[in-house]
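Colleague: I would like to go through this structure and ask what each label rests on. Please give the cut-off whenever you use a term.

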Amino acid sequence: MRKSRGANLAAVSAGAVLLASTAVAMAVPAGAAAAGCSVDYSVSSQWQGGFGANVTITNLGDPVSGWTLTWSYSAGQSVQQAWNTSLTQSGAAVTARNVDYNGAIATNGTASFGFNGSWTGSNPAPTSLALNGVACTGDTGPTTPPPTTPPPTTPPPNGPADITVNSATRYQTVDGFGAATPIWGGTWSTAETQTLVGMGANQLGLSIVRTGLSPVSSEWPTQVNALKTAKTSGSGVKILASPWTAPAAWKTNNSRTNGGKLKTDYYDDYANHLNSYVQYMRNQGVAIDVTSVQNEPDWHPDYDSMDWSGTELRNFVRDQGARVQNTRLMVAEAVNMNYGFTDPTLNDTTARNNIGYIGGHLYGTEDSGRLRPYSLAEQYNKPVWMTEWNYHESDGSGSNIWGNPSNLAVWNETLDDIMRTVHKSMESNWSAYIWWYGKRYYSFIGDGEAAYGTTAGAPLKRGYAFSQYAKFVRPGYQRVALTKSSKASPLEVTAYQGDGKITLVILNRSNSAVNNAVIQAPQNVTRAEHYLTSQNANAASQPTSVNGGQATVNVGPRSISTVVFTL
């Protein structure tokens with residue numbers, strides 16, 4: 001928000017959205033496990049010769065640990081770029097397989113992926129889809145009858161659970177946790193990028209990198225090396241590109257700064273500008289996964305900025321959105337998640353189908369009552385990303401407290417403000433949380449400013465705390481339900497499942513430890529890991545004990561912990 005932190009195509013009609021729930025239930029012998037599924041295949045956007053599609057699989061049978069979805073096209077369509085799946089095609093036959101982080105689908109659970117494709121004469125939805133060889137009708141085969149005598153029950157090995165994970169109840173799919181590169185000049189070095197996105201020791205595991213989309217194409221090369229490094233050094237890293245302004249000549253105030261609106265007769269030029277950036281980066285080997293239409297359309301400072309209303313954003317994505325290809329569009333990155341800038345797009349079928357994500361910033365969002373689920377976005381299956389927040393009030397007059405890894409004021413702000421809002425964002429069913437600059441004295445790695453005492457490129461306390469989410473809750477994991485005992489009531493906990501793991505992130509903002517906390521998993525645990533960050537510890541490994549489906553941990557006072565179960 002603050003600089004210190006940082007000829008028209010025809011509109012896609014409502015008829016372009018195609019839904020398919022298909023096929024015939026597989027017959028299974030009496031006494032066999034249930035098998036069944038349903039599939040929603042939707043064309044989210046369509047333009048001359050191309051289209052984007054989203055696919056959601058619902059597993060109605062017994063849990064699966066890996067999936068293959070198959071279908072055939074009837075009109076010569078072909079698949080191209082895909083996300084959240086490994087996609088191949090032979091003739092008309094298409095095969096989509098899970099990737100390493102989304103292979104497990106519980107009973108009544110879902111897995112989703114998307115892709116872009118091409119078409120010529122027509123683009124009908126496929127009419128027969130099969131999951132692991134089972135045709136999907138929305139029905140199941142027979143299940144094993146229950147025993148006439150219930151099995152004997154045994155007490156839990158470690159006693160009653162303090163936290164019980166219920167993976168049958170699922171919420172949002174997580175897209176990731178991230179931070180921004182410098183927006184005006186400069187970039188991350190290769191080593192700094194690896195520290196931010198890498199998964200090794202003293203690396204932070206960020207899975208989203210936000211970058212600026214300059215109005216001047218000669219500035220685009222600046223970030224190429226950092227973005228390429230992020231894609232190759234991280235795991236499933238997504239890139240979000242956010243423009244602060246259109247070129248000055250296209251705006252009503254003829255300036256890059258102080259707001260000003262995009263002239264309506266330049267809407268097509270602006271769409272082509274966004275598309276040109278995406279294609280430029282793609283040619284450099286950098287896929288831009290998400291492209292925002294505008295950073296903070298409701299903030300008009302004396303630096304790069306541009307003013308939009310919610311209606312104007314709707315009109316732009318409705319009429320021009322299909323021009324921006326090989327990416328998914330986002331609206332609106334308003335300062336405080338103001339629904340007035342996103343509701344108009346969500347309520348318009350064509351505009352809605354031309355976007356993939358809803359974005360917003362955290363400034364004032366909690367005070368205005370919008371740090372909560374966004375029901376309209378959920379209704380239309382549009383993931384909500386928190387794409388910027390910058391908060392560092394603990395330094396007062398600008399002391400060098402940030403270079404002291406155990407400074408109490410820094411830790412209190414990190415735990416009580418930053419990590420608390422990450423927790424609340426996840427409980428609000430948001431799919432991503434993106435901090436402001438990743439490299440800054442108050443952020444995740446130091447910038448070397450002498451006045452603040454940090455070392456350039458070295459991980460900071462706030463980075464280690466954020467890594468308790470970023471490094472262990474990976475893209476494609478789904479948040480799942482849990483219950484807590486009275487003993488665990490001081491703890492703020494969210495749980496996630498994916499990649500054969502269950503991960504819990506635990507905030508203990510009280511001044512007392514919760515020792516010998518028993519965590520109950522839905523099934524036996526083969527391994528448990530526990531990492532903790534506190535005023536005096538940085539993602540430090542902690543002892544755990546495992547017995548069947550339970551693990552016992554000690555949760556220190558004023559700390560953030562991550563417990564990872566391998567199932």
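Colleague: Which element supplies the largest share of the lining of the largest pocket?

Modeller: Strand 7 does, with five residues. This is a predicted model, in which local features need pLDDT of at least 70 and side-chain atom pairs pLDDT 80 or more, while totals for chains, interfaces and linings use all residues. Residues are numbered from 1 along each chain as its sequence is written, and side-chain values use heavy atoms, without hydrogens and water.

Colleague: What makes a run of residues a strand or a helix?

Modeller: Both are DSSP runs, numbered from the N terminus: a helix is H or I over at least four residues, a strand is E over at least two. Strand 7 covers residues 110-118. At least two lining residues each also come from strand 2 (50-59), strand 10 (163-173), helix 7 and strand 20 (491-498).

Colleague: What makes a space a pocket, and what makes a residue part of the lining?

Modeller: On a 1 Å grid over the protein atoms alone, a pocket is an open set of points where a 1.4 Å probe fits, with protein on both sides within 12 Å along at least five of seven lines; a lining residue has an atom within 4 Å of a point. The largest pocket has 35 such residues, and Ser112, Thr173, Asn381, Pro383 and Ser431 lie nearest its centre. Its space is about 830 Å³, where a volume is the space filled by probe spheres set on the points, and points are joined across faces, edges and corners.

Colleague: Why are Trp71 and Phe113 called a stacked pair?

Modeller: Rings of Phe, Tyr and Trp (its six-membered ring) pair if their centres lie within 6.5 Å; planes under 30 degrees apart count as stacked, over 60 as edge-to-face and the rest as tilted. The search of the whole structure finds 33 aromatic pairs. For Trp71 and Phe113 the centres are 6.5 Å apart and the planes are at 15 degrees, so the pair is stacked. Trp71 is in strand 3 (68-72) and Phe113 in strand 7, so the pair ties together parts 42 residues apart in sequence.

Colleague: What makes Tyr339 and Tyr374 a stacked pair?

Modeller: Their centres are 4.1 Å apart with 10 degrees between the planes, and the limits are 6.5 Å and 30 degrees. Tyr339 is in the loop between strand 15 (328-334) and helix 5 (343-346), and Tyr374 in the loop between strand 16 (357-361) and helix 7 (375-379), so this pair ties together parts 35 residues apart in sequence.

Colleague: How do you know that the end of Lys461 sits over the ring of Trp411?

Modeller: NZ of Lys or CZ of Arg must be within 6 Å of the ring centre and within 35 degrees of the ring normal. Lys461 is 5.9 Å from the centre of the Trp411 ring and sits over it. Arg352 lies over the face of Tyr380, at 3.7 Å.

Colleague: Why is Thr229 called buried, and Lys231 partly exposed?

Modeller: Buried means under 20% relative accessible area, exposed over 50%, and partly exposed in between (1.4 Å probe, protein chains only). Thr229 has 10% and so counts as buried, whereas Lys231 has 25% and counts as partly exposed.

Colleague: How do Ala92 and Asn254 come out?

Modeller: Ala92, at 35%, is partly exposed. Asn254, at 54%, is exposed. Asn254 also has phi near 55 degrees, a positive value in a residue other than glycine.

Colleague: Why is helix 9 said to be largely enclosed?

Modeller: Ten of the ten residues of helix 9 (461-470) are buried, so the rest of the structure largely encloses it. Among them are Arg462, Phe466 and Tyr469.

Colleague: What makes a group of residues a nonpolar core?

Modeller: Its members are buried Ala, Val, Leu, Ile, Met, Phe, Trp, Tyr and Cys residues joined through side-chain atoms within 4.5 Å. The largest core has 94 residues, and Phe177, Tyr270 and Tyr469 have the most contacts inside it. A second, separate core of 26 residues includes Phe51, Ile57, Trp119 and Leu129.

Colleague: Which residues does Tyr270 touch?

Modeller: Contact means heavy atoms within 4.5 Å. Not counting residues up to four places away in sequence, the partners of Tyr270 include Pro243, Trp250, Met306 and Phe316.
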